[in-house]
Amino acid sequence: MRIRTRHNKSWQILEIDHFTNSKGEVDNSVMGICEPNNRQIIVRKEQTNKFSTLIHETIHAIDFDYDIGLTENQVERLEQGIMRVIKLNKLFRFWESMQ
């Protein structure tokens, strides 16, 4: 799957079983990463908030493509705000009804 952040820019979305640290050990604290050099957003398959992680990493991708310069704290606050709007307005149901 791919998502577009600009007319001529897109990011590949990948799911993996787990992330590893620099020692090659499984790191369960990492839910997702945004890899600007490869234009990939990678999320861990087994997690309770996969959609929220995808939103978070997509914000990083937008930040990169538009050269905004967001801090990690700003990305986290935007993720929380977007997820809150989606939940409060039941946008998941709205989206499903449009399909």
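This is a predicted model: local features need pLDDT of at least 70, side-chain atom pairs count only at pLDDT 80 or more; totals for chains, interfaces and linings use all residues.
Student: How are two packed helices described, and what are the values for helix 1 and helix 2?

Tutor: Two packed helices are described by the angle between their axes and the distance between the axes. Here, helix 1 (residues 50–66) and helix 2 (residues 72–88) have axes that come within 9 Å and cross at roughly 130°.

Student: Which residues of helix 1 and helix 2 meet?

Tutor: From helix 1, they include Phe 51, Ile 55 and Ile 59; from helix 2, Val 75, Leu 78 and Ile 82 are among them. The residues of this contact split into eight nonpolar, three polar and three charged.

Student: Where is Asp 67, and what is its phi?

Tutor: Asp 67 sits in the loop between helix 1 and helix 2. Its phi is near 50°, a positive value in a residue other than glycine. Lys 90, which isn't a glycine either, has a positive phi of about 50°, and lies in the loop between helix 2 and helix 3 (91–98).

Student: Why does Gln 40 count as buried?

Tutor: The cut-off is under 20%, and Gln 40 has a relative accessible area of 17%, so Gln 40 is buried. Gln 40 belongs to strand 6 (residues 40–44), and its side chain makes a polar contact with the side chain of Gln 12 (3.1 Å).

Key:
Residues are numbered from 1 along each chain as its sequence is written. Side-chain values use heavy atoms; hydrogens and water are left out. Helices (H or I, at least four residues) and strands (E, at least two) are DSSP runs, numbered from the N terminus. Buried means under 20% relative accessible area, exposed over 50%, partly exposed in between (1.4 Å probe, protein chains only). A polar contact is a pair of N or O atoms within 3.5 Å; within protein, one must be able to donate a hydrogen and the other to accept it, and residues adjacent in sequence count only if both atoms are side-chain atoms. Axes are lines fitted to C-alpha atoms, for helices over the stretch in contact, and angles run from 0 to 180 degrees between N-to-C directions. Contact means heavy atoms within 4.5 Å. Ala, Val, Leu, Ile, Met, Phe, Trp, Tyr, Cys and Pro count as nonpolar, Asp, Glu, Lys and Arg as charged, and the others, Gly among them, as polar.
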